[in-house]
Amino acid sequence: MDAKQYDTLQQSLSPKPSIIKNCLKAFLVGGIICTIGQLITFFYMAYFNFTERTAGNPTVATMIFLAMLFTGFGLYKKLAQFAGAGSAVPVTGFGNAVISSAIEHKSEGYVLGVGGNIFKLAGSVIVFGVVSAFVVALVKLLLVTVGVTNW
Amino acid sequence: MKKSLLMFIALLTVLAGCGKSNSAAISVNDDHKYQEERQSVEKVLGHDKHVQKVSVLFTKKEAIVGVEVKPFSKWNKKKYEKKWKKKIKRALPDRDVLVSTDQKIIMETDRLNEKKMSEKKVKEKIKNLKELAEEQT
């Protein structure tokens, strides 16, 4: 059996991922996570001295903290199995990535294990976050120049 | 059954925008005392197509105007804010005016309007709100 034959055999036997269903699940769960974030923003604006502009920072911190707690309790992986990218793309996915690699490398010690590996997964999140922020800023620059929105 | 339900939901979504009047609701901290000022704010913002709700706090020297912008107008709310500020300043030349589309300012002006507080307390609150509105991060 050559490589081509193996490929066709493998493709015919392996179950096909239902892309639309997965997208819908990701959309729903991602949307729910963002709605929770919006509610937390409203909470900070209603009960503390934060404006729409400044409430973003504590909201992100709270969402990451909650995701870290749920990862520690083993609940976030159940959500991630169902939602896929819907739970990984929002900022909660960052918290999950940090804590899961910390848990994974705990047996290697606190300094070289946890400390050295805690950003192993989250490092890529930071890199792609910065890159996508740059792209989004370019898109916004374009929109501002055209006159659709302003800074 | 499923199809008709979907159609019904789609119809509801489409019709959700109908039936609302064109003018925005305006609330003021003291309706009797500041009736003239209220009218001049209403002239500027009452029939603007981007405005959903307005709540205003007046004192003798100051005015804070919280403007809730319609969802699709939020793209350009800073631009509208500037435009409205200019117009309201022209309408109320002897007052220090702050126009804000920030949710926090709208929430607070709404809350203070319902409480009916004394002029002195309103002044204090306005000072706080102005400081808040200037915060950048």
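A:Ile99 lies in helix α6 of chain A, residues 92-104; helices (H or I, at least four residues) and strands (E, at least two) are DSSP runs numbered from the N terminus. This is a predicted model, in which local features need pLDDT of at least 70 and side-chain atom pairs count only at pLDDT 80 or more, while totals for chains, interfaces and linings use all residues. Residues are numbered from 1 along each chain as its sequence is written, chains are lettered from A and ligands numbered from 1 in the order in which they are written, and side-chain values use heavy atoms, with hydrogens and water left out.

Apart from neighbours within four places in sequence, A:Ile99 is in contact (heavy atoms within 4.5 Å) with A:Met68, A:Thr71 and A:Gly72.

Across the whole structure and over all chains, 11 salt bridges are found, each a side-chain nitrogen of Lys or Arg within 4 Å of a carboxyl oxygen of Asp or Glu. The table gives two of them.

| Salt bridge | Distance, N to O |
|---|---|
| B:Glu119 and B:Lys33 | 3.1 Å |
| B:Lys77 and A:Glu52 | 2.9 Å |

Between chain B and chain A the count is 1 salt bridge. Also across this interface, 8 residue pairs are in polar contact, both at pLDDT 80 or more; a polar contact is a pair of N or O atoms within 3.5 Å, where within protein one must be able to donate a hydrogen and the other to accept it, and residues adjacent in sequence count only if both atoms are side-chain atoms. On the side of chain B that touches chain A, α3 (77-91) and α4 each supply at least two residues. The largest share of that side, 4 residues, comes from α4(B).

Helix α4 (residues 103-115) of chain B packs against helix α5 (residues 119-134) of chain B at about 170 degrees, with axes 11 Å apart; axes are lines fitted to C-alpha atoms, for helices over the stretch in contact, and angles run from 0 to 180 degrees between N-to-C directions. Therefore α4(B) is roughly antiparallel to α5(B), a label for angles over 145 degrees. B:Lys104, B:Ile105, B:Glu108, B:Thr109 and B:Leu112 of α4(B) make the contact with B:Lys125, B:Leu129, B:Leu132 and B:Ala133 of α5(B).

Notes:
Parallel < 35°, antiparallel > 145°, perpendicular 65-115°, else oblique.
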